[in-house]
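Please open the structure in a viewer and keep the sequence at hand.

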Amino acid sequence: MMNKEMAAQAGKKNGFIAALDQSGGSTPKALKEYGIDASAWSNDAQMFDLVHQMRTRIITSPAFTGDKIMGAILFEQTMDRDIDGIPTAQYLWEKRQVVPFLKVDKGLADEKDGVKVMKPMPDLDALLKRAVAKGIFGTKMRSVIDAANPVGIKAVVDQQFEIGRQILAHDLVPIIEPEVTISIPDKAAAEDILLAEITKHLDGVPSGKQVMLKLTLPTKANLYKALTQDPRVMRVVALSGGYSRADANEKLKHNDGIIASFSRALTQGLSAGQTDEQFNAEIASTIDSIFDASSHKIAA
(Lines give C-alpha, C1' and ligand atoms only; values in the text may rest on other atoms or scores of the structure.)
Protein backbone atom coordinates (compact mmCIF):
# COMPACT_ATOMS: atom_id res chain seq x y z
CA MET A 1 0.00 0.00 0.00
CA MET A 2 1.14 3.54 -0.75
CA ASN A 3 2.52 5.47 2.23
CA LYS A 4 -0.13 8.14 2.88
CA GLU A 5 2.27 10.47 4.68
CA MET A 6 4.64 10.37 1.74
CA ALA A 7 1.75 10.93 -0.67
CA ALA A 8 0.58 13.99 1.25
CA GLN A 9 4.08 15.45 1.22
CA ALA A 10 4.69 14.64 -2.44
CA GLY A 11 1.39 16.17 -3.49
CA LYS A 12 1.07 19.27 -1.35
CA LYS A 13 4.09 20.23 0.72
CA ASN A 14 6.25 23.21 -0.20
CA GLY A 15 9.74 22.26 -1.25
CA PHE A 16 11.54 20.70 -4.18
CA ILE A 17 12.99 17.39 -5.33
CA ALA A 18 16.73 16.83 -5.16
CA ALA A 19 17.78 14.80 -8.22
CA LEU A 20 20.68 12.62 -7.02
CA ASP A 21 20.27 10.00 -9.73
CA GLN A 22 23.31 10.35 -11.99
CA SER A 23 24.03 6.88 -13.41
CA GLY A 24 26.94 5.26 -15.23
CA GLY A 25 27.12 7.66 -18.16
CA SER A 26 26.70 10.90 -16.22
CA THR A 27 28.64 9.99 -13.06
CA PRO A 28 32.14 10.97 -14.32
CA LYS A 29 30.89 14.46 -15.22
CA ALA A 30 29.15 14.82 -11.86
CA LEU A 31 32.32 13.81 -10.04
CA LYS A 32 34.46 16.15 -12.14
CA GLU A 33 32.19 19.09 -11.31
CA TYR A 34 32.57 18.05 -7.66
CA GLY A 35 36.34 18.26 -8.04
CA ILE A 36 37.17 14.56 -8.41
CA ASP A 37 39.03 13.77 -11.63
CA ALA A 38 38.79 10.44 -13.48
CA SER A 39 42.31 9.62 -12.29
CA ALA A 40 40.83 9.06 -8.82
CA TRP A 41 39.33 5.70 -9.84
CA SER A 42 40.41 2.73 -11.93
CA ASN A 43 37.09 0.87 -12.30
CA ASP A 44 33.34 1.42 -12.08
CA ALA A 45 33.11 0.05 -8.54
CA GLN A 46 35.54 2.69 -7.27
CA MET A 47 33.74 5.40 -9.25
CA PHE A 48 30.38 4.46 -7.71
CA ASP A 49 31.97 4.38 -4.25
CA LEU A 50 33.10 7.96 -4.77
CA VAL A 51 29.74 9.19 -6.01
CA HIS A 52 28.01 7.49 -3.07
CA GLN A 53 30.37 9.37 -0.74
CA MET A 54 29.36 12.60 -2.48
CA ARG A 55 25.64 11.80 -2.19
CA THR A 56 26.04 10.76 1.44
CA ARG A 57 27.73 14.08 2.20
CA ILE A 58 24.82 15.92 0.59
CA ILE A 59 22.05 13.88 2.25
CA THR A 60 23.64 14.06 5.74
CA SER A 61 24.24 17.81 5.50
CA PRO A 62 22.19 19.61 8.20
CA ALA A 63 20.14 21.62 5.65
CA PHE A 64 19.06 18.53 3.69
CA THR A 65 15.70 17.89 5.36
CA GLY A 66 12.02 17.72 4.53
CA ASP A 67 11.60 21.30 5.70
CA LYS A 68 12.63 22.46 2.23
CA ILE A 69 13.32 19.28 0.24
CA MET A 70 10.13 17.40 -0.59
CA GLY A 71 11.82 14.37 -2.17
CA ALA A 72 15.03 12.93 -3.58
CA ILE A 73 15.58 10.78 -6.68
CA LEU A 74 18.07 7.95 -6.25
CA PHE A 75 20.11 5.85 -8.65
CA GLU A 76 19.54 2.09 -8.28
CA GLN A 77 22.96 1.55 -6.69
CA THR A 78 22.25 4.32 -4.19
CA MET A 79 18.99 2.61 -3.22
CA ASP A 80 20.95 -0.59 -2.63
CA ARG A 81 23.52 1.12 -0.38
CA ASP A 82 23.38 2.40 3.19
CA ILE A 83 23.91 5.74 4.90
CA ASP A 84 25.14 5.44 8.50
CA GLY A 85 24.21 1.75 8.38
CA ILE A 86 20.62 2.42 7.28
CA PRO A 87 19.31 1.66 3.74
CA THR A 88 19.32 4.94 1.82
CA ALA A 89 15.56 5.21 1.14
CA GLN A 90 14.78 4.39 4.76
CA TYR A 91 17.36 6.94 5.95
CA LEU A 92 15.85 9.64 3.73
CA TRP A 93 12.35 9.20 5.12
CA GLU A 94 13.03 8.27 8.75
CA LYS A 95 15.99 10.56 9.41
CA ARG A 96 15.36 13.41 6.96
CA GLN A 97 11.61 13.29 6.22
CA VAL A 98 12.44 13.35 2.49
CA VAL A 99 10.33 11.21 0.13
CA PRO A 100 12.49 8.67 -1.80
CA PHE A 101 12.10 8.16 -5.56
CA LEU A 102 14.08 5.82 -7.84
CA LYS A 103 15.39 6.34 -11.36
CA VAL A 104 14.31 3.23 -13.29
CA ASP A 105 15.20 3.84 -16.94
CA LYS A 106 18.24 2.20 -18.53
CA GLY A 107 19.25 5.12 -20.70
CA LEU A 108 18.29 6.37 -24.13
CA ALA A 109 17.92 4.65 -27.49
CA ASP A 110 19.46 6.19 -30.63
CA GLU A 111 17.73 9.27 -32.00
CA LYS A 112 14.81 8.75 -34.37
CA ASP A 113 12.23 11.30 -35.53
CA GLY A 114 13.97 14.00 -33.52
CA VAL A 115 13.71 12.21 -30.17
CA LYS A 116 15.42 9.60 -28.01
CA VAL A 117 13.00 7.16 -26.42
CA MET A 118 14.07 4.95 -23.53
CA LYS A 119 15.90 1.68 -24.00
CA PRO A 120 13.88 -1.47 -23.20
CA MET A 121 13.47 -2.34 -19.52
CA PRO A 122 12.82 -6.10 -19.48
CA ASP A 123 13.57 -6.44 -15.76
CA LEU A 124 11.41 -3.49 -14.66
CA ASP A 125 8.85 -5.49 -12.68
CA ALA A 126 11.58 -7.11 -10.60
CA LEU A 127 13.19 -3.71 -9.95
CA LEU A 128 9.83 -2.23 -8.93
CA LYS A 129 9.22 -5.06 -6.47
CA ARG A 130 12.63 -4.39 -4.90
CA ALA A 131 11.87 -0.68 -4.76
CA VAL A 132 8.61 -1.28 -2.92
CA ALA A 133 10.38 -3.56 -0.44
CA LYS A 134 12.98 -0.86 0.23
CA GLY A 135 10.42 1.86 0.93
CA ILE A 136 10.59 3.77 -2.36
CA PHE A 137 7.53 5.97 -3.02
CA GLY A 138 7.86 6.66 -6.75
CA THR A 139 10.03 6.37 -9.82
CA LYS A 140 11.55 8.56 -12.52
CA MET A 141 12.30 7.83 -16.17
CA ARG A 142 13.71 10.17 -18.81
CA SER A 143 13.30 10.56 -22.56
CA VAL A 144 14.68 13.40 -24.68
CA ILE A 145 13.03 15.60 -27.32
CA ASP A 146 15.43 17.31 -29.74
CA ALA A 147 12.98 18.65 -32.31
CA ALA A 148 9.35 19.73 -32.72
CA ASN A 149 8.55 16.50 -34.53
CA PRO A 150 4.96 15.36 -33.83
CA VAL A 151 5.72 11.71 -34.68
CA GLY A 152 8.72 11.59 -32.36
CA ILE A 153 7.05 13.43 -29.50
CA LYS A 154 4.03 11.13 -29.70
CA ALA A 155 6.36 8.12 -29.50
CA VAL A 156 8.05 9.55 -26.39
CA VAL A 157 4.77 10.24 -24.58
CA ASP A 158 3.22 6.92 -25.67
CA GLN A 159 6.16 5.04 -24.16
CA GLN A 160 6.30 7.13 -20.99
CA PHE A 161 2.63 6.60 -20.17
CA GLU A 162 2.66 2.91 -21.12
CA ILE A 163 5.50 2.25 -18.68
CA GLY A 164 3.87 4.65 -16.23
CA ARG A 165 0.83 2.38 -16.04
CA GLN A 166 3.13 -0.58 -15.33
CA ILE A 167 4.66 1.39 -12.46
CA LEU A 168 1.25 2.44 -11.11
CA ALA A 169 0.30 -1.24 -10.93
CA HIS A 170 2.98 -1.62 -8.22
CA ASP A 171 1.44 1.23 -6.17
CA LEU A 172 4.37 3.47 -7.05
CA VAL A 173 3.97 6.99 -8.47
CA PRO A 174 5.81 7.45 -11.78
CA ILE A 175 7.58 10.72 -12.54
CA ILE A 176 7.17 11.00 -16.31
CA GLU A 177 10.10 13.00 -17.75
CA PRO A 178 10.02 13.90 -21.46
CA GLU A 179 12.89 16.42 -21.43
CA VAL A 180 12.95 19.08 -24.16
CA THR A 181 16.54 20.07 -24.94
CA ILE A 182 16.93 23.75 -24.02
CA SER A 183 19.21 24.62 -26.96
CA ILE A 184 16.98 23.57 -29.87
CA PRO A 185 15.65 26.38 -32.09
CA ASP A 186 12.07 25.06 -32.11
CA LYS A 187 11.83 24.50 -28.34
CA ALA A 188 8.57 26.45 -27.93
CA ALA A 189 6.88 24.53 -30.75
CA ALA A 190 8.08 21.21 -29.30
CA GLU A 191 6.59 22.17 -25.93
CA ASP A 192 3.22 22.96 -27.50
CA ILE A 193 3.13 19.51 -29.11
CA LEU A 194 4.28 17.89 -25.87
CA LEU A 195 1.56 19.58 -23.83
CA ALA A 196 -1.13 18.36 -26.25
CA GLU A 197 0.19 14.78 -26.11
CA ILE A 198 0.43 14.73 -22.32
CA THR A 199 -3.08 16.11 -21.99
CA LYS A 200 -4.44 13.33 -24.24
CA HIS A 201 -2.59 10.61 -22.35
CA LEU A 202 -3.84 11.72 -18.94
CA ASP A 203 -7.19 10.24 -19.94
CA GLY A 204 -5.52 6.82 -19.75
CA VAL A 205 -4.39 7.16 -16.13
CA PRO A 206 -6.32 4.54 -14.13
CA SER A 207 -9.12 5.81 -11.90
CA GLY A 208 -7.88 6.81 -8.46
CA LYS A 209 -4.23 6.95 -9.55
CA GLN A 210 -1.93 9.90 -10.17
CA VAL A 211 1.30 10.54 -12.04
CA MET A 212 3.93 13.23 -11.64
CA LEU A 213 5.41 15.16 -14.55
CA LYS A 214 9.02 16.38 -14.78
CA LEU A 215 9.29 18.94 -17.56
CA THR A 216 11.86 21.33 -18.97
CA LEU A 217 11.21 24.91 -17.89
CA PRO A 218 9.07 26.16 -20.80
CA THR A 219 9.84 29.01 -23.19
CA LYS A 220 6.33 30.38 -22.58
CA ALA A 221 5.79 31.06 -18.89
CA ASN A 222 2.91 29.09 -17.32
CA LEU A 223 2.51 26.88 -20.40
CA TYR A 224 1.95 23.90 -18.10
CA LYS A 225 -0.26 25.63 -15.52
CA ALA A 226 -3.33 23.56 -16.45
CA LEU A 227 -1.35 20.37 -15.74
CA THR A 228 -0.64 21.55 -12.19
CA GLN A 229 -4.42 21.71 -11.61
CA ASP A 230 -5.31 18.36 -13.18
CA PRO A 231 -6.54 15.86 -10.55
CA ARG A 232 -4.66 13.03 -12.32
CA VAL A 233 -1.36 14.86 -11.77
CA MET A 234 0.10 14.68 -8.26
CA ARG A 235 2.79 17.29 -8.97
CA VAL A 236 4.53 19.04 -11.83
CA VAL A 237 8.26 19.50 -11.29
CA ALA A 238 10.88 21.22 -13.43
CA LEU A 239 14.32 20.04 -14.49
CA SER A 240 17.13 22.57 -14.81
CA GLY A 241 18.20 21.09 -18.14
CA GLY A 242 21.60 22.78 -18.28
CA TYR A 243 20.49 26.24 -17.18
CA SER A 244 22.61 27.75 -14.42
CA ARG A 245 21.02 27.69 -10.99
CA ALA A 246 20.34 31.44 -11.15
CA ASP A 247 18.66 31.15 -14.58
CA ALA A 248 16.70 28.04 -13.61
CA ASN A 249 15.47 29.66 -10.40
CA GLU A 250 14.39 32.80 -12.24
CA LYS A 251 12.49 30.85 -14.90
CA LEU A 252 10.88 28.68 -12.24
CA LYS A 253 9.48 31.73 -10.45
CA HIS A 254 7.40 32.54 -13.53
CA ASN A 255 5.69 29.12 -13.63
CA ASP A 256 2.88 28.90 -11.08
CA GLY A 257 2.44 25.66 -9.20
CA ILE A 258 5.66 24.03 -10.45
CA ILE A 259 8.48 23.07 -8.10
CA ALA A 260 12.10 22.31 -8.88
CA SER A 261 13.68 18.92 -9.44
CA PHE A 262 17.24 20.03 -10.05
CA SER A 263 20.40 17.95 -10.43
CA ARG A 264 23.31 20.00 -11.76
CA ALA A 265 21.81 23.20 -10.40
CA LEU A 266 21.65 21.57 -6.95
CA THR A 267 25.28 20.47 -6.83
CA GLN A 268 26.71 23.58 -8.52
CA GLY A 269 29.35 25.09 -6.22
CA LEU A 270 29.91 21.94 -4.14
CA SER A 271 33.43 20.54 -4.00
CA ALA A 272 35.18 17.57 -2.47
CA GLY A 273 37.91 19.96 -1.30
CA GLN A 274 35.58 22.08 0.82
CA THR A 275 35.67 21.75 4.59
CA ASP A 276 32.45 20.45 6.12
CA GLU A 277 31.68 23.99 7.27
CA GLN A 278 32.15 25.37 3.74
CA PHE A 279 30.25 22.51 2.13
CA ASN A 280 27.31 22.76 4.53
CA ALA A 281 27.11 26.53 4.11
CA GLU A 282 27.14 26.24 0.31
CA ILE A 283 24.44 23.58 0.13
CA ALA A 284 22.29 25.42 2.69
CA SER A 285 22.44 28.55 0.53
CA THR A 286 21.61 26.49 -2.58
CA ILE A 287 18.67 24.78 -0.89
CA ASP A 288 17.31 28.15 0.28
CA SER A 289 17.49 29.63 -3.23
CA ILE A 290 15.79 26.66 -4.93
CA PHE A 291 13.15 26.45 -2.20
CA ASP A 292 12.39 30.15 -2.63
CA ALA A 293 12.06 29.76 -6.41
CA SER A 294 9.77 26.77 -5.91
CA SER A 295 7.60 28.57 -3.38
CA HIS A 296 7.53 32.20 -4.47
CA LYS A 297 5.68 32.80 -7.71
CA ILE A 298 5.75 35.97 -9.79
CA ALA A 299 2.65 36.67 -11.88
CA ALA A 300 3.37 36.15 -15.55
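How do the residues of the lining of the second largest pocket divide into nonpolar, polar and charged? They comprise seven nonpolar, four polar and three charged residues, where Ala, Val, Leu, Ile, Met, Phe, Trp, Tyr, Cys and Pro count as nonpolar, Asp, Glu, Lys and Arg as charged, and the others, Gly among them, as polar.

This is a predicted model, in which local features need pLDDT of at least 70 and side-chain atom pairs count only at pLDDT 80 or more, while totals for chains, interfaces and linings use all residues. Residues are numbered from 1 along each chain as its sequence is written, and side-chain values use heavy atoms, with hydrogens and water left out.

**The second largest pocket**

Select Gly11, Lys12, Val233, Met234 and Arg235, which are the closest to the centre of this pocket among its 14 lining residues. A pocket is an open set of points on a 1 Å grid over the protein atoms alone, where a 1.4 Å probe fits, with protein on both sides within 12 Å along at least five of seven lines; lining residues have an atom within 4 Å of a point. Its volume is about 240 Å³, taken as the space filled by probe spheres set on the points, which are joined across faces, edges and corners.

**The largest pocket**

Next, select Asp21, Gln22, Ser23, Ser26 and Arg142, the closest to the centre of the largest pocket among its 30 lining residues. This pocket holds about 780 Å³ of space. Helix 2 gives the most to the lining, with three residues; helices (H or I, at least four residues) and strands (E, at least two) are DSSP runs, numbered from the N terminus. The lining has six nonpolar, 11 polar and 13 charged residues.

**Salt bridges**

A salt bridge is a side-chain nitrogen of Lys or Arg within 4 Å of a carboxyl oxygen of Asp or Glu. Both Asp21 and Lys140 are buried, that is, under 20% relative accessible area, against over 50% for exposed and in between for partly exposed (1.4 Å probe, protein chains only).

Then select Glu76 and Lys106, whose salt bridge has its closest N and O atoms 3.1 Å apart. Lys106 is partly exposed, with a relative accessible area of 44%.

Finally, select Glu197 and Lys200, which meet in a salt bridge (3.2 Å, N to O). Glu197 is buried, with a relative accessible area of 8%.
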